Amino acid sequence: MDLKALYREIVNEHNLHPGHKGDLPAPTHIRQGVNPTCGDDINLQLEVDENGVITAASFNGSGCAISQASADIMIDLIEGRTKEEALALADAFLAMVRGTATDEQRELLDEAAALEDVAHMPARAKCATLGWHTLEKVLREEGEE
Ligand code: ZN
């Protein structure tokens, strides 16, 4: 299997069998993200403890395979991380989409790097970044809810 096929497989797998779709029992942060260009819609939910660690995360929503898979992959990466670490991951992902990621950032992204090719297609970049932009907004805004 070549690398592109492997990446397609990763996106398909997360789209068909998302590991983090659903509602959290007691989210501390909730944020809606919408990409009107494609009709993607994400409701991101986080549970952040008193030490600023994201102890659980989930999403609900509808939209294209890329937007949904990207959100699911993102949650795999941010669960168990601090808010600062999650924001560093968001920076790395957005840098990858812009084509300016360092090797170190690429390494951080792990499976999310599977979206690099697709993120370079202008029409799909907004799909791939929807979850990450929503995460940035919810973590940067202190007054939740
Ligand atoms: Zn989309």
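Does Glu116, at 17% relative accessibility, count as buried or exposed? In this predicted model, Glu116 counts as buried, because its relative accessibility of 17% falls under the 20% limit. Its salt-bridge partner is Arg106, with the closest N and O atoms 2.8 Å apart. The pair links distant parts of the chain, with Arg106 in helix 4 (residues 103-109) and Glu116 in helix 5, 10 residues apart. Arg106 is partly exposed, at a relative accessible area of 29%.

A search of the whole structure returns 3 salt bridges. Another of these joins Glu141 to Arg31, where the closest N and O atoms are 2.6 Å apart. Glu141 belongs to the segment after helix 6 and Arg31 to strand 1 (residues 29-35), so this pair ties together parts that lie 110 residues apart in sequence. Both partners are partly exposed: Glu141 has a relative accessible area of 39%, and Arg31 is at 24% relative accessibility. A further salt bridge is formed between Arg140 and Glu136, with a closest N and O distance of 2.8 Å. These two residues are 4 residues apart in helix 6, and therefore about one helical turn separates them. Arg140 counts as partly exposed at 47% relative accessibility, whereas Glu136 is buried, with a relative accessible area of 13%.

The zinc ion has protein donors from Cys38 (SG), Asp40 (two OD entries), Cys64 (SG) and Cys127 (SG), which lie 2.1 to 2.7 Å from the ion. The spacing of the donor residues in sequence is C-x1-D-x23-C-x62-C. Asp40 and Cys64 are both buried.

The largest nonpolar core contains 43 residues. Leu46, Ile78, Phe93, Trp132 and Leu135 have the most contacts inside this core. Two or more residues each are given to the core by helix 1 (3-16), strand 2, strand 3, helix 2, helix 3 (83-98), helix 5 (116-119) and helix 6 (122-140). Helix 3 gives the most, with 9 residues. For Trp132, when neighbours within four places in sequence are left aside, the residues in contact are Ser70, Met74, Leu77, Leu89, Ala90, Phe93 and Ala112. In soluble globular proteins, nonpolar side chains tend to be buried together.

Definitions and conventions. Residues are numbered from 1 along each chain as its sequence is written. This is a predicted model: local features need pLDDT of at least 70, side-chain atom pairs count only at pLDDT 80 or more; totals for chains, interfaces and linings use all residues. Side-chain values use heavy atoms; hydrogens and water are left out. Donors are N, O and S atoms within 2.8 Å of the metal (3.2 Å for Na, K and Ca); water is not among the atoms, so sites may look incomplete. Buried means under 20% relative accessible area, exposed over 50%, partly exposed in between (1.4 Å probe, protein chains only). A nonpolar core is a set of buried Ala, Val, Leu, Ile, Met, Phe, Trp, Tyr and Cys residues joined through side-chain atoms within 4.5 Å. Contact means heavy atoms within 4.5 Å. A salt bridge is a side-chain nitrogen of Lys or Arg within 4 Å of a carboxyl oxygen of Asp or Glu.
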